[in-house]
Every structure is written in structure tokens, then in C-alpha cells.
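Here is a walk through one protein model, from single helices to the core and then to the loops. Keep the structure open while you read.

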Amino acid sequence: MSPTPEPPAATANSPALEPLTPEDFDAQDAELDLLREQHEEIPQWEFCEGFLAALVCSRRNVPPEEYWPVLLGERFNPMSHIEFVWRWRRRWAQVAAALDAPVEQLDDERCYLPEVLDTRGEVLALPPQERGEIDVAGLPSYAQVWALGFLYAVESWPEDWAAPRDREAAEMLENALGLITQLTEDDRGAPSTSVFSEDGPPSVSEQRIEDFHAAIWGVYDLRQLWKSLGPRAQSVRKAPEPGRNDPCPCGSGKKYKKCHGAL
């Protein structure tokens with residue numbers, strides 16, 4: 001059975017490629033919530049955001065029919081979630097444009113800024129009676145879910161992320177992935193700021209902010225690394241040569257030694 005087709009890609013001038021708004025991200029979360037009612041392992045958008053960023057950086061252009069089942073399960077039908085797919089495409093275009101922009105500072109408006117949550121800050125900002133007995137330390141650290149989504153995509157297509165032969169390029173790959181991997185660890189530093197609210201209770205350490213910024217530059221390095229190297233060359237498997245007394249593969253009916261093997 002052929003894979004279910006997705007809506008055609010939009011053109012560069014199409015309004016469908018406008019950056020996602022906060023309302024769009026809320027709509028993505030709502031769609032994922034509905035999917036989660038059928039399949040509890042459907043991830044949050046932050047995880048999808050990291051997964052998408054890795055696909056944008058991948059050495060090979062992984063087609064949708066490959067990545068949708070990995071991210072959202074075999075039952076996910078893109079044609080039944082067209083608005084979700086369009087917003088996904090818009091975010092993809094936005095991330096790709098940001099990673100290709102010649103930025104030198106993270107405060108550049110063209111820079112890629114992952115859509116991540118300060119979950120701990122959000123809970124700490126609640127009134128005590130609403131917060132209840134929630135274990136804030138047990139909640140995901142800032143950008144942790146994004147990093148897990150990114151590395152999940154890397155691990156799902158190991159051949160596309162295999163280290164190149166060039167030593168300098170291999171070190172660049174290892175270092176960049178290491179910066180992202182660092183974010184998968186829990187933030188155990190002393191909280192010093194809230195990303196959720198400017199005047200909110202501290203929920204993120206200064207070291208975590210630095211690690212997050214370093215990981216963003218790591219994503220830039222990965223994008224440029226694979227673009228410079230291009231797709232991995234596909235090895236061509238040569239068919240084994242027939243034995244001298246085997247039928248000639250040309251279909252003449254003669255033995256190989258009496259036909260093309262004699263040439």
C-alpha cells in the first residue's frame with residue numbers, strides 16, 4: 001500500500017509559510033492533546049519541536065512518510081490532520097530559514113529560538129493553593145524535553161547521523177551533539193531566573209541558560225556541517241560474477257564461459 005499523501009508543499013510566497021504565532025503553537029498543543037486521548041505516548045509540542053529541528057539539520061531529507069510514524073505512531077494520518085501538518089510545514093520553513101541566516105548573536109531577530117517551556121517556572125508562579133503538592137523538582141528542566149526530542153530523531157536514523165570520515169568534521173558533529181545532550185540532564189544548579197515570567201520565582205539556573213544558548217549554536221553547527229558535506233553517497237553493490245559453467249545472465253541459454261565470460 002502506498003503511503004498516504006500529504007498536502008503539497010507551499011511556495012516561498014505562500015502565506016502558509018508565515019511564522020507560527022502563539023495561537024498556532026497553542027493549536028498544535030491542542031491537536032496533540034486530542035491525539036493523546038487515543039494514544040497516551042503522543043509527545044508534547046516541545047518534544048516535536050526538537051524532533052523537527054533535528055530533521056531540518058539531518059544530512060538526508062527524511063520524507064514525511066518516514067518521520068510521521070516515528071514521531072506520532074503508525075496510526076497518524078496526515079490527511080486527517082491537515083491544519084496540524086500545515087503549521088508543521090510553516091514551522092519547518094521558519095526553522096530552516098533561521099538556521100541558514102548569517103547570525104552572530106542570539107538576540108538577532110533572525111536567530112533560531114526553540115519553542116521551549118519553563119514548566120517549573122509556570123508551576124512556581126501559581127498561587128500556593130493551586131500549586132498544591134506538586135513536586136517542582138520532578139518536573140522537566142528548561143529545554144530538557146526539546147533536547148530529548150532532538151536526540152530521538154538522531155537515534156531514529158543512526159546512518160544519517162554517522163560520523164563523517166573527516167576528523168575535523170567528526171569532532172564538530174560530536175561536540176554539537178554533546179551540547180544538546182547536556183540539556184537532557186536535570187538542571188541541578190541554583191535557580192536564579194524565571195523564563196516563564198520576568199517577575200516570577202526563580203526556576204532556571206544561570207548555567208542552564210548558558211547550556212541552552214550553547215546548544216542553539218550546536219544546532220547551527222549541525223545544519224552547516226551536513227549542508228557542506230551533502231547527502232551520504234550510496235554504495236553500489238556489484239552483482240557477483242556467474243561461475244564459468246553457470247547459465248549466462250544475458251539469457252542466451254549458453255554457459256557463461258561460452259558466452260559473455262569468453263569476451
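**Helices, core and loops**

Start with helix 7. It has 13 residues and reaches 18 Å from its first C-alpha to its last, close to the 18 Å expected at 1.5 Å a residue. This is a predicted model, and every value here is computed from it. Which residues of helix 7 are buried? They are Gln144, Trp146, Ala147, Gly149, Phe150, Leu151, Ala153 and Val154. These buried residues pack against helix 2, helix 8 and helix 9.

Now step back to the whole chain. It has nine helices and two strands. Read from the N terminus, the order of elements is α-α-α-α-α-α-α-α-β-β-α. The chain has 263 residues, and 41% of them count as buried. Take the contacts between residues at least 6 apart in sequence: 67% of these join residues at least 24 apart.

Move on to helix 8, residues 167–182. Its 16 residues should span 22 Å at 1.5 Å a residue, and its end C-alpha atoms are 22 Å apart, so the two values agree. Its buried residues are Ala169, Ala170, Leu173, Ala176, Leu177 and Ile180. They cover an arc of only 135° around the axis, which puts them on the same side of helix 8. An α-helix has 3.6 residues a turn, so residues three or four places apart point the same way.

What does the buried side of helix 8 pack against? Its buried residues meet helix 7 (144–156) and helix 9 (206–229). The face turned away from that buried side carries the exposed residues Arg167, Glu168, Glu174 and Asn175. Look also at the start of helix 8. There, a side-chain oxygen of aspartate 166 comes to within 3.2 Å of the backbone nitrogen of glutamate 168.

Helix 9 comes next. At 1.5 Å a residue, its 24 residues should span 34 Å; the end C-alpha atoms are 35 Å apart, which agrees. Just after helix 9, glycine 230 has a positive phi of about 80°.

Next, the core. In soluble globular proteins, nonpolar side chains tend to be buried together. In this model, the largest nonpolar core has 61 residues. Trp88, Trp146, Phe150 and Trp161 have the most contacts inside it. The elements that give two or more residues to this core are helix 1 (22–38), helix 2 (45–57), helix 3 (64–72), helix 4 (82–100), helix 7, helix 8 and helix 9. Helix 2 gives the most, with ten residues.

Pick out tryptophan 161. What does it touch, leaving aside its neighbours within four places in sequence? Its contacts are Ala54, Cys57, Ser58, Phe150, Ala153, Val154, Leu173, Leu177, Leu222 and Trp226. Phe150, Ala153 and Val154 are among the buried residues of helix 7.

Then check the cysteines. A disulfide is a covalent bond between the sulfur atoms of two cysteines. How many disulfides does the structure hold? It holds zero. Cysteine 48 counts as buried because its relative accessibility is 0%, below the 20% cut-off. Cysteine 111 is buried too, with a relative accessible area of 7%.

Turn to aspartate 29 in helix 1. Is aspartate 29 buried or partly exposed? With a relative accessible area of 26%, it is partly exposed. Leaving aside neighbours within four places in sequence, aspartate 29 is in contact with Gln44 and Trp45. Proline 43 lies 14 residues away along the chain, and the C-alpha atoms of aspartate 29 and proline 43 are separated by 9.5 Å.

Finish with two loops. Alanine 143 sits in the loop between helix 6 (128–131) and helix 7. Most residues other than glycine have a negative phi. Alanine 143, however, has a positive phi, near 70°. It counts as buried, at 0% relative accessibility.

Glycine 200 is in the loop between strand 1 (191–193) and strand 2 (204–205). It is buried, with a relative accessible area of 18%. How far apart in space are glycine 200 and alanine 125? They are 5.8 Å apart, C-alpha to C-alpha, yet 75 residues apart in sequence.

How values were computed. Residues numbered from 1 in each chain as written. Heavy atoms only, no water. Helix = DSSP H or I, 4+ residues; strand = E, 2+ residues; numbered from the N terminus. Expected span 1.5 Å × (residues − 1). Buried < 20%, exposed > 50% of the residue type's maximum accessible area, 1.4 Å probe, protein only. Arc of directions from axis to C-beta. Contact = heavy atoms within 4.5 Å. Polar contact = N/O pair within 3.5 Å; in protein donor to acceptor, adjacent residues only side chain to side chain. Disulfide = S-S within 2.5 Å. Core = buried A, V, L, I, M, F, W, Y, C linked by side-chain atoms within 4.5 Å.
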